[in-house]
Amino acid sequence: MKRVSGVRQRAGTAVRATGRLLLGLLLVPVCVLGLVLFALTFLSSATFIGLIILPYAVRLNRGIAGLGRRLAAGWQGRPVPAAYVPIKGGVLARARAVLGDPMTWRDIGWIASHIVTGILLAGLGLGVWGTLGFDLSLPLWWSAPLPEHAVYLAGFALDSWPRVLLTIPAHFAAVAVAGSFVLPWLATAQAALIRAILATPERILLAERVAVLTETRTAALDAHGAELRRIERDLHDGAQARLVSIAMRLGVAERLLPADPARAAQLIAEARLSTEETMTELRDIIRGMYPPILGDRGLPGAVAALAARCPVPVTATVAGVDRLPAAVEAAAYFVIAEALTNVARHSAAAGAAVHVHGDPATLTLRVSDDGRGGADEASGTGLAGIRRRVAALDGRTDLSSPPGGPTTLTVELPCG
Amino acid sequence: MRVVIVEDNVLLAEGLALLLRTEGHQVAATVGTADAFLAAVEEHRPDIAVVDVRLPPAFRDEGVRAAVEVRRRHPAQPILVLSQYVEQTYATELLAGGGGGIGYLLKDRVSRVSEFVDALARVAAGGTAMDPEVIAQLLTRRHAGHPVSTLSPREAEVLGLMAEGRSNGDIAALLTVTERAVHKHVGNIFMKLGLPPSDSGHRRVLAVLSYLSAV
């Protein structure tokens, strides 16, 4: 049994490899087109018209190279990374961008080489199948009106039954076994060539990554600064001002006490009331900085508390959130809090669901409701705030809210 | 005294008005913006204006800038600036125009009603009232090798009180020494800082502040 499944697996691999080689062959005419167009535009780029067209030719080649990458990725089971210089700006800036991008030249190099290698590799692969087909079709040849009426295989004339019974199966088996090695090897060679030329070198990818990180880090610092300013305002205009007014009232009461105890008592009562308001306000500010329940109960408890506080019935599932960085936890909390506030305010939903799932690399949050949908990112600050907060941690925000609902907000936060 | 209150926070404006009225003063107007402040000074010509530093729309230092503007138009208009935090830079700006009748205090000080009322009266009379916090900032900013660092601890203390706008008599009472001793300290301070001696309270402050902020 095991042997049979091994044979079947081998045959399957050979068939898949053949598929890759055939796809490669299909790409050859496309490559010819891309190469010719690029050559023409490049030669004419001394003229202004050529400069205008050049980026389009490059974009076409990027597309063709993309197909090549998918060809290799499909065989090797892992993507071929690509990072291009964005094509934007005026005519000259665009032309300079595409000509300065080393990937432009890698693309064109591969396209040119693939015209040869694509035909060569596919030809070799098809040769294997052709031979097998020839073996199977041999019986037909006897009836064919060939000159000497003799058929040769591997140097043997098939002129007697023992020879036929021995030579054909033996030849077929030998070619099949050899093919089961050669076909995957050909596909691997094709994929390796694609990866060698078309995968953007590590250092370029790293440079790209640094650029992205610099941007998100700036966003994080901005968000942090805005947050600090907000807290300062809240404290300055709220709690601190209240404390000053309390102190004033108590000061006046102190002065009035001997002469007008009744008025003094009234001022003291006002001051006490103001103290209580100050405490409420401080609590709100503290919750805005770092929700105490996160510290006490972790994310599961905090999400449960948010769900319980929401006027719309919410079902919450939380899994795999044992060891999250504090910043990710806090961001997750605010995203869910903000999203549930939006659900309660705008969705007219009968129910909502919060789904939190963490694995070592990513924390995924999904907040969905069965409300009227049509959430507009431009209209409120809530969604923009979520997006900013998530971007600051290098995460992703995705909102789906067709008119009529349902609305689903998905946020991914990297934890590493 | 007729007072104009410039404070956008209703709670604090009410508190101030309450306090001033209880102390027998008259609140001519309570306004919440820098423009209204300028208009109220033109209209009421108050004995003193009490101004918050942060005002709408941006809630930064509108109060300080409005105060400087009022002083430019009416150099003798006494102004007491109140704030929830003090910045030595603001003090320097307020004092830059010269002349007395300027005060700059933390809002916290208001609850010590009698001291606040004293400061108010002092500023209205053309004196100065600088918050001890401002003085502390100025004194901690001194560099090694600066003449201020040659002052004895007692002299530094006296300089601080002087800078708040206290008279020699006040300082003597606060430090429980004789007025003669204070006089001697002041003389030493002026000598060490290279300042010409002067009797007038606010001019001493101006001299001290301008000298220190010029570092």
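Which residues touch the most other members of the largest nonpolar core? Here are some notes to read beside the model.

1. **Ground rules.** This is a predicted model, where local features need pLDDT of at least 70, side-chain atom pairs count only at pLDDT 80 or more, and totals for chains, interfaces and linings use all residues. Residues are numbered from 1 along each chain as its sequence is written, while chains are lettered from A and ligands numbered from 1 in the order in which they are written.

2. **The largest core.** To take up the opening question, Val50(B), Val51(B), Leu80(B), Val81(B), Leu94(B) and Tyr104(B) touch the most other members among its 68 residues. Helix 6 of chain A supplies the largest share of this core, seven residues. A second, separate core has 34 residues, including Val328(A), Leu340(A), Val390(A) and Val411(A). A nonpolar core here is a set of buried Ala, Val, Leu, Ile, Met, Phe, Trp, Tyr and Cys residues joined through C-beta atoms within 7 Å. Buried stands for 20 or more other C-beta atoms within 10 Å of a residue's own, exposed for 12 or fewer, and partly exposed for anything in between, with C-beta atoms placed from the backbone. In soluble globular proteins, nonpolar side chains tend to be buried together.

3. **The sheet of chain B.** Six strands make an open sheet in the order 2-1-3-4-5-6 (chain B), with parallel pairing. Strand 2 (26–31) and strand 6 (128–130) of chain B are the edge strands, each pairing on one side only. From one strand to the next the twist averages 20°. Helix 1 (residues 10–22) of chain B lies across strand 1 (2–6), strand 2 and strand 3, running at about 170° to strand 2 of chain B. Such angles run from 0 to 180 degrees between N-to-C directions, using axes fitted to C-alpha atoms, for helices over the stretch in contact.

4. **Asp52(B), worth a look.** UniProt, in an unreviewed entry, places the feature "modified residue: 4-aspartylphosphate" at Asp52(B); such annotations may be inferred rather than shown by experiment. Asp52(B) is in strand 3 (residues 48–52) of chain B. Is Asp52(B) buried or exposed? Asp52(B) counts as buried because 26 C-beta neighbours lie inside 10 Å. Not counting residues up to four places away in sequence, Asp52(B) touches Val6(B), Glu7(B), Asp8(B), Gly63(B) and Leu82(B). Contact requires C-beta atoms, placed from the backbone, within 7 Å.

5. **The sheet of chain A.** Five strands form an open sheet in the order 3-4-5-7-6 (chain A), with mixed pairing. Strand 3 and strand 6 of chain A each have a single partner strand, so one side of each is left without a neighbour in the sheet. Strand 3 (residues 314–319) of chain A runs parallel to strand 4 (residues 352–358), joined by six bridges. By contrast, strand 5 (residues 362–369) and strand 7 of chain A pair in the antiparallel sense over eight bridges, with Val411(A) as the bridge partner of Leu365(A).

6. **Helix 10 of chain A.** In this helix (residues 382–392), the buried residues are Leu383(A), Ile386(A), Arg389(A), Val390(A) and Ala392(A). They pack against helix 6 (202–256), helix 9 (326–347), strand 6 (396–400) and strand 7 (407–414) of chain A. After the helix comes Asp394(A), whose phi is positive, near 70°.

7. **Where the chains meet.** How many residues of chain A are in contact with chain B? The contact involves 15 residues of chain A and 15 residues of chain B. The chain A side has seven nonpolar, four polar and four charged residues. In these classes Ala, Val, Leu, Ile, Met, Phe, Trp, Tyr, Cys and Pro are nonpolar, Asp, Glu, Lys and Arg are charged, and the others, Gly among them, are polar.

Technical notes: Helix = DSSP H or I, 4+ residues; strand = E, 2+ residues; numbered from the N terminus. Contact = placed C-beta atoms within 7 Å. Pairing = 2+ DSSP bridges.
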